[in-house]
Amino acid sequence: GGQGRRKYLKKYEMFYPQPNANIVMFQVLLTTYEYVIKAEKLFSPIKWRAIIIDEAQRMKNHQSKLFSTLSTYSSDFKLLMTGTPLQNNIEELWTLLNFLDPNAFDNLQKFQQNFGDLNEVENIVQLQTILKPMMLRRMKSEVEKSIAPLEEIIIECPMTPYQRMYYKSIFEKNIDYLHRGAHKSNSTSLRNIAMELRKVCNHPFLIAGAEDQITIEKRESLNLKENDEAPSNFEFDLLVRNSGKMILLDKLLRKLKQDGHRVLIFSQMTAMLDIIQDYLNLVDYKFCRIDGDVRSVIRQVNIDEFNKKGSDKFVFLLCTRSGGVGINLASADTVIIYDSDYNPQNDIQATSRCHRIGQKKEVKMYRFITSKSYERKMFETASMKLGLDHAVLESSKIHNQEDMDKLIRLGAYHALEDDNAEIEKFGEEDIEMIISRSQRIKHENIN
């Protein structure tokens, strides 16, 4: 509520009047992470019977303000609720355990020495024994028998000629090529090569100045002068034909639209969502959109618009990192992960926007991966992170992650090869043919 309302609450509704001003009048306090921190002086002196934390993966950083603040609160019991108890590494797991029982889990270094690699069966069994009395795991398949298992289809997309040229130039730090068409104030920085390579894998237009330069070169190839009007399909070809993923997206959406499906498309990059939005406007597909800049009220309006009976919205664009709280889009039955996250749990949470309790249809998730690229190796590494989850919860072994520089070099090696035939074949192939040879994974058990 507003500041005046909160002031009134504190003065008249939270504590008894004198002489019992330190005794609370309420039984349950519902609040947010922000007010747990902001109202620490008000809340921390209270002797809580229980502290229950939803979306508890927010507590995974033991150096965060949220963790340090809540650690000062005194309570008889603590309950953490999360769909992702194990995310990136053993340190994050220790942080949650340390919050639950700081006496039993008081030494991070010792915990890492015992379980850091999780490459020995004995270590895994020992950790499972520690977790068993502390963890209650509930699976969707156990709660709602009618939910069909999620099917993931991984489709590899070749690079277009422009993608290969930009990819090679980034790897070789060819500044002259990269800065063509870009203003000095908006030129490509090579401080984070991995991010620039990921941009190229999505669409070359994400590189500063690339859209203007490619447009000029395309017009020249058609012998168009400055004031000549471009062909009607010119903008469509610019957006679609210069990215392997966009070629696939166009093919797949046409098929899904024809078959009556409704689609969620996720990308980590809002600039990529802008490009997809331009494409959707060109082909006249009705859509909604949520990213980190959309206010909560507008978010709910878009969600309601998409979910209402008879809605004409075919696609919902979402930023993977815009947060999943309150986003229920079970009226969709198809998820497209346009680019994968370093943390595979973020992609799992994204898919859960429609593969959730209340879903009546079979859900398919299409994951786009640029073949022979850094992105392909990055996805393999991200998949290894799920090994921690499987190791502790399902008795599989976790694998070691590869060195980041090595991954970049492995991707760049293939990008130096010229293979125009591959993208030409991909561009002409039927979508059914592309899907038929793609890797399929059935996800039977999801938190």
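Helix H1 gives the most to the lining of the second largest pocket, with four residues. The model is predicted, so local features need a pLDDT of at least 70 and side-chain atom pairs count only at pLDDT 80 or more, while totals for chains, interfaces and linings use all residues. Residues are numbered from 1 along each chain as its sequence is written, and side-chain values use heavy atoms, with hydrogens and water left out.

The second largest pocket has a volume of about 440 Å³. Its lining comprises 16 residues, and the closest to its centre are Arg 6, Leu 9, Thr 31, Tyr 35 and Phe 43. H1 (3-13), helix H2 (33-38) and helix H3 (40-43) each supply at least two residues of the lining. A pocket is found on a 1 Å grid over the protein atoms alone: it is an open set of points where a 1.4 Å probe fits, with protein on both sides within 12 Å along at least five of seven lines. Lining residues have an atom within 4 Å of a point. Grid points are joined across faces, edges and corners, and the volume is the space filled by probe spheres set on the points.

The protein chain averages a pLDDT of 82. This score is the predictor's confidence in each residue, from 0 to 100. In the chain, 83% of the residues score at least 70. Over residues 395-416, pLDDT stays under 50. The model has 51 contacts beyond four places in sequence for that stretch, a contact being heavy atoms within 4.5 Å. Where pLDDT is low, the predicted coordinates should not be read in detail.

The secondary structure of the chain comes to 21 helices and nine strands. Of the 447 residues, 46% are buried. Buried means under 20% relative accessible area, exposed means over 50%, and partly exposed lies in between (1.4 Å probe, protein chains only). Among contacts between residues at least 6 apart in sequence, 73% join residues at least 24 apart.

Strand S6 (residues 315-319) is mostly covered, with five of its five residues buried. Val 315, Leu 317 and Cys 319 point one way from S6. Phe 316 and Leu 318 point the other way. S6 has parallel partners. Five bridges join it to strand S4 (residues 263-267), where Phe 266 has Leu 318 of S6 as its bridge partner. Four bridges link S6 to strand S5 (residues 287-290), also in the parallel sense. Two strands count as paired if DSSP finds at least two bridges between them. S5, helix H16 (residues 296-307) and S6 make a right-handed β-α-β unit. Right-handed means that, with the strands pointing away from the viewer, the path from the first strand over the helix to the second runs clockwise.

Arg 289 is found in S5 and stands opposite Leu 317 in S6. Its relative accessibility is 14%, so Arg 289 counts as buried. Leaving aside neighbours within four places in sequence, Arg 289 is in contact with Thr 270, Leu 273, Asp 274, Gln 277, Val 294, Asn 302, Phe 316 and Leu 317. The C-alpha atoms of Arg 289 and Cys 319 are separated by 8.6 Å. These two residues lie 30 residues apart along the chain.

Strand S8 (residues 364-370) is mostly covered as well, with six of its seven residues buried. Seven bridges join S8 to strand S3 (residues 150-157), and the two run parallel. Ile 155 stands opposite Phe 368 in S8. Strand S7 (residues 334-337) also runs parallel to S8, joined by four bridges. The bridge partner of Ile 337 in S8 is Arg 367. S7, helix H17 (residues 344-351) and S8 make a right-handed β-α-β unit.

Glu 55 is found in the loop between strand S1 (47-53) and helix H4 (65-70). Its relative accessibility is 28%, so Glu 55 counts as partly exposed. Asp 284 is found in the loop between helix H15 (270-283) and S5. At 56% relative accessibility, Asp 284 counts as exposed.
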